[in-house]
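Take a first look at the fold below.

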Amino acid sequence: SQTPSRLLVRTRNWEYRDKLYWEQFGITKDILRIFDVKPITHVWINEQRFSCNSISYRYRFDCGYKIYRPLEKDFKWSSNVDSYCVQGYRQLPENGRTLFLTSSLKDIMCLAVLGYPSIALQSEMLMPREETISEAKARFKEVIVLYDNDFDNPRNPGQTMAARICDKYELDNLVIPSYYRSKDISDLVRDHGLEEAKHVIEREENRSKKQPKEST
């Protein structure tokens, strides 16, 4: 199998521009600290050095690093983690009522602000492993999928994949209603605020519970 790239970073202090970026999603410096997110000035990928010309962050997981450059169009992401590295896993409580399977660490951090534990795979297009879901079901009373609602894309890949995962593992799917025009929970917080985001989750969670399950 492929050897992962060597990724090294130079971190910097938090600045006002970082606060402005994360604050729009309701994400505080404490949450960023809990999830081991740090601002950086440089990245070395296999000894080659790149300067970060706009705000850039390194996410650290047990299995490696991911670099996020939110304002860049090209090379927004780079990482040396494998596809089965579960984001947010280390920060989970031992057990609880609801666990969300969501799309990104940014969404995980938004959900943490709203009081919900969650995890994310490295890509929305991956099918979670059996052991990931069975462990989630053992530790939490309910596991709910909260994937992107790509409302402006006729194929809606986020919801297509959410349906496949829910079907395979018999999970509930929580969809952010299209009329909000916010594809994920972090956009919902940015566009409509934390209170509204919490209402949407509670309301849609109740709605998905009331839907009759097909008997097998």
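Keep in mind that the model is predicted.

Start with the overall dimensions. Along the principal axes, the C-alpha atoms fill a box of roughly 55 × 40 × 40 Å. A compact globule of 216 residues would have a radius of gyration near 17 Å, and the chain has 18 Å, so the two agree.

Of the 216 residues, 48% count as buried. The accessible surface comes to about 12,000 Å². Carbon and sulfur atoms account for 48% of that surface. The chain also carries charge: 34 side chains are positive and 32 are negative. The centres of these two sets lie 4 Å apart.

Now go inside. In soluble globular proteins, nonpolar side chains tend to be buried together. Which residues have the most contacts inside the largest nonpolar core here? They are W22, V37, M109 and I185, in a core of 35 residues. Several elements each supply at least two residues of this core, among them helix 1 (16-23), strand 4 (57-61) and helix 7 (194-210). Helix 3 gives the most, with five residues.

Look closely at W22. Leaving aside residues up to four places away in sequence, W22 touches W14, I27, L32, V37, Y57, Y59, Y68, K106 and M109. Apart from the core already described lies another core, of 19 residues. Its members include I119, L126, I133 and L171.

Finally, turn to the loops. N46 lies between strand 2 (37-45) and strand 3 (48-51). Its phi is near 45°, a positive value in a residue other than glycine. Is N46 buried, partly exposed or exposed? Its relative accessibility is 45%, so N46 counts as partly exposed; the exposed class begins over 50%.

F75 also has a positive phi, near 55°, and is likewise a residue other than glycine. Where is F75 found? F75 sits in the loop between strand 5 (64-68) and strand 6 (77-79). At 70% relative accessibility, F75 counts as exposed.

Definitions and conventions: Residues are numbered from 1 along each chain as its sequence is written. This is a predicted model: local features need pLDDT of at least 70, side-chain atom pairs count only at pLDDT 80 or more; totals for chains, interfaces and linings use all residues. Side-chain values use heavy atoms; hydrogens and water are left out. A nonpolar core is a set of buried Ala, Val, Leu, Ile, Met, Phe, Trp, Tyr and Cys residues joined through side-chain atoms within 4.5 Å. Buried means under 20% relative accessible area, exposed over 50%, partly exposed in between (1.4 Å probe, protein chains only). Helices (H or I, at least four residues) and strands (E, at least two) are DSSP runs, numbered from the N terminus. Contact means heavy atoms within 4.5 Å. The radius of gyration is taken over C-alpha atoms; the globule rule is 2.2 Å times the number of residues to the power 0.38. Accessible areas come from the Shrake-Rupley method with a 1.4 Å probe; for residues, only the protein chains shown count as cover. Lys and Arg count as positive and Asp and Glu as negative; His and the chain ends are not counted. The place of a charge is taken as NZ of Lys, CZ of Arg, CG of Asp or CD of Glu.
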